[in-house]
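Please keep the sequence and the three-dimensional view at hand while reading.

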There are 2 protein chains.
Amino acid sequence: MTDIVDWVAVDWGTSNLRAWGIAADGSVVFEKVSPSGMGKLAREDYPGVLTGLLEDVQTAHGGPIQVLICGMAGARQGWLEAPYLEAPTDLRSLLAGAVQPMADNRIIASILPGVCQKAGGDNVMRGEETQLLGLAALHPGFSGIVCMPGTHSKWAKLSGSRIEHFSTAMTGEVFEVLRTHSVLRHSFNGDIDGPGRADGFAAGAAAGLDHPEQLLGTLFQVRAGSLLSGRQPDWCAGYLSGLLIGTEVGANRHLIGAQDVPLIGSPTLCALYAQVLTLAGASGTPQDATAIVLAGLKAARNFTNELEPRR
Amino acid sequence: MTDIVDWVAVDWGTSNLRAWGIAADGSVVFEKVSPSGMGKLAREDYPGVLTGLLEDVQTAHGGPIQVLICGMAGARQGWLEAPYLEAPTDLRSLLAGAVQPMADNRIIASILPGVCQKAGGDNVMRGEETQLLGLAALHPGFSGIVCMPGTHSKWAKLSGSRIEHFSTAMTGEVFEVLRTHSVLRHSFNGDIDGPGRADGFAAGAAAGLDHPEQLLGTLFQVRAGSLLSGRQPDWCAGYLSGLLIGTEVGANRHLIGAQDVPLIGSPTLCALYAQVLTLAGASGTPQDATAIVLAGLKAARNFTNELEPRR
């Protein structure tokens with residue numbers, strides 16, 4: 001019977017967490033979402049959040065529920081720090097690096113490690129490694145560049161379940177801090193989602209792709225454009241967004257071959273990245289991010305039947 | 001007698017204003033500084049600020065004092081908007097574009113225009129045009145690239161008193177918003193002016209110069225460096241500063257020839273830019289910014305003996 005939970009998969013990010021009850025046959029029995037992301041929690045809050053979320057969950061075997069967690073809960077400022085695996089590495093070894101922040105008669109929780117990189121530039125990821133393993137599980141034999149748009153976008157070179165190299169672009173966060181705190185904010189007073197946004201986006205993306213090295217200069221043209229050319233808030237917001245994504249894609253252009261680039265992230269953002277990749281003469285395809293992270297957590301768990309206690 | 005004021009030169013910026021009493025022979029009779037910058041004033045505050053500042057000033061001829069102003073007082077959100085001259089243009093025509101926000105029996109004030117650019121990318125400057133005219137006056141025959149580091153750095157191509165083209169890099173402001181509002185702020189908790197700052201600056205400058213197109217990615221290495229390599233706050237602050245200035249100089253590298261680049265701005269900032277220009281195989285020389293702006297205001301005024309009323 002598939003409505004009995006065998007274990008629970010959790011994606012515990014900065015802003016929220018999502019939990020899925022998984023039956024013995026791998027089907028999803030329930031999905032729960034909570035706003036209790038890492039950014040809102042103190043270390044001592046985590047057990048209560050997880051216990052509350054899973055209060056009504058019954059297991060098939062009557063024993064404690066095994067909970068496998070990926071994401072920022074394993075960060076230094078999270079629940080319990082899960083040390084990084086160092087790239088290049090095979091992501092099938094994720095579970096071997098897990099830590100166990102909680103084991104009582106109700107819940108046995110494990111947090112998967114992130115991945116770090118020291119050769120070729122310090123870098124870290126936490127949560128994306130599980131998505132990459134999920135992509136590898138859903139597309140066996142895939143080898144190439146994967147783009148994961150977001151606050152801190154990741155670009156990873158994947159060969160099967162092996163992560164060869166990755167980088168992080170602060171694109172989403174730079175957009176937010178400039179939109180909110182810089183002189184450019186004066187250009188966004190009004191309706192930023194109007195019909196001019198698409199034109200602004202296309203103009204910004206072209207500028208970023210053509211001259212990624214000029215970002216500090218082209219940014220100011222948002223402001224100059226509203227002062228001199230009467231650019232409206234929707235155009236300016238589109239231009240800033242397009243300029244930053246265009247710059248990010250332009251900077252990674254040498255990594256992208258003829259192969260389609262899988263895009264893992266929010267549907268809205270992935271659609272914008274796909275548009276810019278097309279402008280760059282490449283192509284990208286948005287993936288189902290929920291299916292990907294679930295596949296990653298399942299794949300991580302499948303390399304052993306028992307979560308070994310580890311503290 | 002040189003202690004009698006003939007006219008008053010004012011540099012009215014965003015954060016403060018400076019005023020100099022000029023005698024008939026061009027010598028400086030007094031200097032006054034006030035924190036009443038454009039950013040702190042409503043339109044109706046300006047006459048009172050200026051009247052208060054010049055209350056005890058006597059003129060040689062007993063009539064109203066002529067006050068010539070450059071800078072942000074002429075912005076749309078300032079005292080009275082002084083329309084832009086459009087580049088390329090001869091800066092000797094600045095006074096012809098001045099506006100007059102105030103004329104009573106004590107003070108006749110004029111504000112110099114800024115310079116805008118539409119061909120080759122929308123751009124604006126306000127205040128820097130007067131410094132460029134000052135540089136041209138102090139170095140007759142100079143032709144080349146001038147760099148003006150700051151919140152919004154300007155790079156201008158000057159031929160004598162003619163400005164051919166210019167650009168703006170948001171370097172200083174991007175440093176501030178990232179330092180204050182982004183995830184990078186966690187890397188700056190502590191003494192950011194310690195002995196590691198110089199090493200961090202050199203490493204960041206090299207990264208920026210080598211790969212100005214990678215800025216969105218190298219920015220994140222500030223954070224990854226403190227997580228993975230134990231980089232201290234002073235090193236991280238130096239790295240971010242060097243990375244941004246290196247990126248700015250790297251993006252403008254194609255404009256810089258064998259000729260020394262005059263640097264106009266705060267002494268601390270100009271010294272950093274000079275260091276990065278040297279790393280780039282070029283050279284830059286900090287100028288006396290006060291002498292430059294004074295020379296610019298004098299030169300702007302010298303093209304007529306009388307400030308024509310204009311509203």
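## Basis and confidence

The model is predicted: local features need pLDDT of at least 70, side-chain atom pairs count only at pLDDT 80 or more, and totals for chains, interfaces and linings use all residues. Residues are numbered from 1 along each chain as its sequence is written, while chains are lettered from A and ligands numbered from 1 in the order in which they are written.

The average pLDDT of chain A is 94, pLDDT being the predictor's confidence in each residue on a scale from 0 to 100. In chain A, 96% of the residues score at least 70. Residues 305-311 of chain A, however, have a pLDDT below 50. Beyond near neighbours in sequence, this stretch has ten contacts in the model; two residues are in contact if their C-beta atoms, placed from the backbone, lie within 7 Å. The scores of the model are ipTM 0.92 and pTM 0.93.

## Domains of chain A

Chain A is divided into domain 1, covering 7-139 + 290-301, and domain 2, covering 168-289. These bounds come from an automatic or database domain assignment. The C-alpha centres of domain 1 and domain 2 of chain A are 31 Å apart.

Contact between the domains involves seven residues of domain 1 of chain A and six residues of domain 2 of chain A. On the side of domain 1 of chain A that touches domain 2 of chain A, α2 (128-138) and α9 (289-301) each supply at least two residues. Helices (H or I, at least four residues) and strands (E, at least two) are DSSP runs, numbered from the N terminus. The largest share of that side of domain 1 of chain A, four residues, comes from α9(A). By class, the side of domain 1 of chain A that touches domain 2 of chain A has four nonpolar, three polar and no charged residues. Ala, Val, Leu, Ile, Met, Phe, Trp, Tyr, Cys and Pro count as nonpolar, Asp, Glu, Lys and Arg as charged, and the others, Gly among them, as polar.

## Contact between the chains

In chain A, 37 residues are in contact with 37 residues of chain B. The elements of chain A that each supply at least two residues to this side include β10 (123-125), β13 (162-169), α3 (171-181) and α5 (215-218), together with α6 and α7. The side of chain A that touches chain B has 17 nonpolar, 15 polar and five charged residues.

## Packing around helix α7

Helix α6 (residues 220-228) and helix α7 (residues 233-251) of chain A have axes that come within 10 Å and cross at roughly 160°. Axes are lines fitted to C-alpha atoms, for helices over the stretch in contact, and angles run from 0 to 180 degrees between N-to-C directions. α6(A) is therefore roughly antiparallel to α7(A); angles under 35 degrees count as roughly parallel, over 145 as roughly antiparallel, 65 to 115 as roughly perpendicular and the rest as oblique. A:Val222, A:Gly225 and A:Ser226 of α6(A) meet A:Cys236, A:Tyr239 and A:Leu240 of α7(A). The residues of this contact of α6(A) with α7(A) comprise four nonpolar, two polar and no charged.

The axes of helix α4 (residues 196-210) of chain A and α7(A) come within 6 Å and cross at roughly 30°, so α4(A) and α7(A) are roughly parallel to each other. Their contact has 17 nonpolar, ten polar and three charged residues. With helix α8 (residues 267-279) of chain A, α7(A) packs at an angle of about 60°, the axes being 10 Å apart. α7(A) is therefore oblique to α8(A). The contact joins A:Ser241, A:Ile245, A:Gly246 and A:Val249 of α7(A) to A:Leu272, A:Tyr273, A:Val276 and A:Leu277 of α8(A).

## Cis peptide bonds

Most peptide bonds are trans. The bond from A:Ala87 to A:Pro88 is cis, with omega near -5°, and A:Pro88 is placed in the loop between β5 (85-86) and β6 (89-90) of chain A. In chain B, the bond from B:Ala87 to B:Pro88 is cis, with omega near 0°. B:Pro88 is found in the loop between β5 (85-86) and β6 (89-90) of chain B.
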